[in-house]
Every structure is written in structure tokens, then in C-alpha cells.
Amino acid sequence: MDTSALILTLFATIIIFLVANFHQRKKRPLGEVSLIPYTLIQIVALVIFVVLVGHSISVMTGITFPARSRY
């Protein structure tokens, strides 16, 4: 993944998180339940963002994270 695609994906995850956060905080009448799980969307966007930040650090510095070794 090149740097421009990485930055665009980071911005896309931020936008998805903010839109889901906005819809989660929207006031609804008592008893009305949202059909879309906005909390789950926020969690997935946050996890993808953290993974992409780690990947961007390894791309920009050139240092890869060591693979897990078995005991």
C-alpha cells in the first residue's frame, strides 16, 4: 500500500468513525432502537485506524515490527 492510499484510508476511517458517532448520539423517541449497530461500526473503525497507524509508522521509518515467535 503506497503512502497516498494509506493516508486516504486513514481519513476514511476517521470520517466513518465520526459519522457513526454522530448517529449514535442522535436523540430517538423512547423505545425506538437503531437497526444499525453504530457502536460496532465505531469499534471496527477504531481498530482499523490503529492498525493503519502502526503500518504507517513502519512504512515511514522503514523498520518493520518483529513477527511473533512461538515459544
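Contact means heavy atoms within 4.5 Å. The model is predicted, so local features need pLDDT of at least 70, side-chain atom pairs count only at pLDDT 80 or more, and totals for chains, interfaces and linings use all residues. Residues are numbered from 1 along each chain as its sequence is written, and side-chain values use heavy atoms, with hydrogens and water left out.

**Gln 42**
- Gln 42 belongs to helix α2, which spans residues 38–61.
- With a relative accessible area of 13%, Gln 42 is buried (buried is under 20%, exposed over 50%, partly exposed in between, using a 1.4 Å probe and protein chains only).
- Apart from neighbours within four places in sequence, Gln 42 contacts Phe 17, Ala 20, Asn 21 and Gln 24.

**Arg 28**
- Arg 28 sits in the loop between α1 and α2 and is partly exposed, at 32% relative accessibility.
- When residues up to four places away in sequence are not counted, Arg 28 touches His 23, Ser 34 and Tyr 38.
- A polar atom of the Arg 28 side chain lies 3.1 Å from the backbone oxygen of His 23.
- Arg 28 and Ser 56 are 28 residues apart along the chain, and their C-alpha atoms are separated by 39 Å.

- Ile 7 is located in helix α1, residues 3–24.
- Ile 7 has 37% relative accessibility and therefore counts as partly exposed.

Methods. Helices (H or I, at least four residues) and strands (E, at least two) are DSSP runs, numbered from the N terminus. A polar contact is a pair of N or O atoms within 3.5 Å; within protein, one must be able to donate a hydrogen and the other to accept it, and residues adjacent in sequence count only if both atoms are side-chain atoms.
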